[in-house]
Amino acid sequence: MTTEQKQQDDKMQKIVAFCKRKGFIFPACEIYGGLANSYSYGPYGAELKSNIKKMWWKKFVQERSDIVGMDGPILLATKLWEASGHTEGFNDAMVDCKKCKKRYRADHVVKELTGKDMEGDLAGMTNTLQGGLKCPECGGSDWTEVKNMSQMFKTEMNAVEGPIYLRPETAGAIFVDFKNITDSMRVKVPFGIAQIGKAFRNEIVARNFIFRIREFEQMEIEYFIEPETKWEPLFEDWLDKQTEFALSIGAKPEDLRRYEHPKEKLSHYSKKTIDTEYNFPFGFGELFGLAHRGDFDLTQHSKLSGVKLEYFDAANNKRYTPHVLEPTVGVDRLILTAICAAYTEEKIEDETRVVMKFPYGVAPIKIAVFPLLKNKPELVNKAREVFDSLKSRYMCEFDDNGNIGKRYRRQDEIGTPFCVTVDFDSLEKDDVTVRDRDTMEQTRIRIEGLNGYFQDRLDR
Ligand code: ATP
């Protein structure tokens with residue numbers, strides 16, 4: 001391991017421990033020994049997640065007259081997954097080390113050991129591994145044959161014959177409601193349908209904290225276009241919008257890069273696919289995907305359901321099956337991006353301050369309110385009044401525990417942009433001290449002007 005890799009590894013470990021200690025992200029079911037790398041979001045993590053989802057909805061639904069939202073179910077008709085090809089083909093290649101029994105995603109371990117991308121070539125991967133490659137865990141070189149394993153989670157439903165699947169992506173729920181949306185809403189091509197929701201994939205190896213988990217959330221848009229339209233500028237525009245969104249949650253431009261899937265690896269229906277990757281401490285990994293999927297989905301669902309899924313262009317009196325651009329992103333990966341980008345250690349005199357430099361919109365708590373002293377009822381009451389006057393507009397926290405310096409540090413650690421302190425002067429002059437997370441500057445502000453002060457800074 002190089003020194004730089006070691007530093008990045010340490011950073012990741014620090015972040016995982018920090019997330020647990022500060023109430024952002026906990027290992028799920030810890031009291032029962034955990035469950036296969038799953039996680040729950042604690043109080044600050046849940047706020048962070050909700051903020052990121054709201055920012056996305058605002059940018060891509062609320063502020064766009066060409067995109068509508070929807071919210072479909074997790075359990076969907078099994079035929080849908082036959083039509084999309086998931087039942088047959090949503091597989092990952094797995095391989096086991098016979099000596100230590102560790103299971104790997106075959107293409108990942110081959111890439112790690114040889115640098116070669118052999119995804120999809122099961123026989124080739126088997127030969128390469130069995131040709132003497134050593135297990136990174138135990139050094140053994142006895143491998144099983146590489147086999148495909150379905151990523152679909154199966155369950156059953158009363159009154160339904162055969163298996164039901166937990167959706168492996170949210171997109172399917174959008175396509176099956178294409179007709180309902182075009183019939184009920186006044187949408188005109190080009191238009192999009194957006195959805196946020198859970199997806200489930202039985203990943204062979206869940207790893208890298210919340211980067212690869214088996215139950216996660218996606219934010220997807222199906223953007224329908226006229227088949228003959230010049231799609232390239234629209235595609236470019238979506239890429240830019242994805243970058244803009246990454247920057248708005250705190251990613252730095254130098255930590256983002258794009259990866260275009262080579263033509264020979266694209267599905268037969270796709271004209272182009274580009275991932276936007278983020279430089280996590282464990283290396284670059286996919287954050288957003290953007291694919292031109294042609295008319296594959298609507299045509300397939302039409303075929304298997306027997307229901308025409310077309311668009312009628314009244315202005316030109318023509319009927320057609322639209323093509324679709326699919327911008328997609330994982331909420332959990334965005335959360336990890338926001339956390340990695342915000343995590344900062346600063347030396348102040350001889351102390352190290354951990355500060356989460358979240359953009360204001362992302363920060364779980366926007367304002368913390370403190371009475372200078374806990375045992376002075378007049379200060380506590382006044383601070384409560386200030387808290388009450390701010391809480392309906394902003395997520396606030398009241399804290400009267402410990403000295404002011406400690407309280408500032410606690411808020412820095414969770415990324416709270418502003419702290420408000422009520423002291424003895426406040427009782428006479430009706431003003432408070434507002435302290436800024438990033439500059440640590442303190443300003444006296446009149447209580448009656450506080451809402452306006454924060455609106456100028458937080459509601460932009
Ligand atoms: P990967 O190559 O990393 O497995 P993918 O190409 O299979 O990802 P998509 O099918 O394009 O991913 O899914 C859309 C988005 O959902 C991804 O860009 C990613 O942000 C998110 N995502 C996919 N799988 C997971 C997972 N196991 N855990 C968390 N997020 C995920």
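Q: Which residues line the largest cavity?
A: Start with the general idea: rolling a probe the size of a water molecule over the atoms shows where empty space is left. This model is predicted. Its largest cavity is lined by Trp-56, Phe-60, Met-219, Ile-221, Trp-238, Gln-242, Phe-288, Pro-327, Thr-328 and Val-329. A search of the whole structure turns up one cavity of 30 Å³ or more, and the largest cavity holds about 60 Å³ of space.

Q: Which element gives the largest share of that lining?
A: Strand β17 does, with three residues. At least two residues each come from α2 (43–62), β11 (215–225), α9 (232–248) and β17 (323–330). By type, the lining of the largest cavity has eight nonpolar residues, two polar and no charged.

Q: How many residues surround the ligand?
A: There are 15, and the closest are Glu-203, Arg-212, Ile-213, Glu-286 and Leu-287. This shell divides into six nonpolar, four polar and five charged residues. Its largest share, four residues, comes from β14; β11, β14 (283–292) and β17 each supply at least two.

Q: Which atom of the ligand lies 2.8 Å from the side chain of Arg-212?
A: An oxygen atom of the ligand lies at that distance from an N or O atom in the Arg-212 side chain. Backbone N or O atoms take part too: one in Gly-330 is 2.9 Å from an oxygen atom of the ligand, and one in Phe-211 is 3.3 Å from a nitrogen atom of the ligand. Taken alone, the ligand exposes 590 Å², and the protein buries 81% of that.

How values were computed. Residues numbered from 1 in each chain as written. Predicted model: local features only at pLDDT ≥ 70, side-chain atom pairs only at ≥ 80, totals over all residues. Heavy atoms only, no water. 1 Å grid on protein atoms, 1.4 Å probe; cavity = no way out; pocket = protein on both sides within 12 Å on 5 of 7 lines; lining within 4 Å. Points joined across faces, edges and corners; volume = space filled by probe spheres on them. Nonpolar A, V, L, I, M, F, W, Y, C, P; charged D, E, K, R; others polar. Near = heavy atom within 4 Å. Polar contact = N/O pair within 3.5 Å; in protein donor to acceptor, adjacent residues only side chain to side chain. Areas by Shrake-Rupley, 256 points an atom, 1.4 Å probe, with all protein chains shown as cover.
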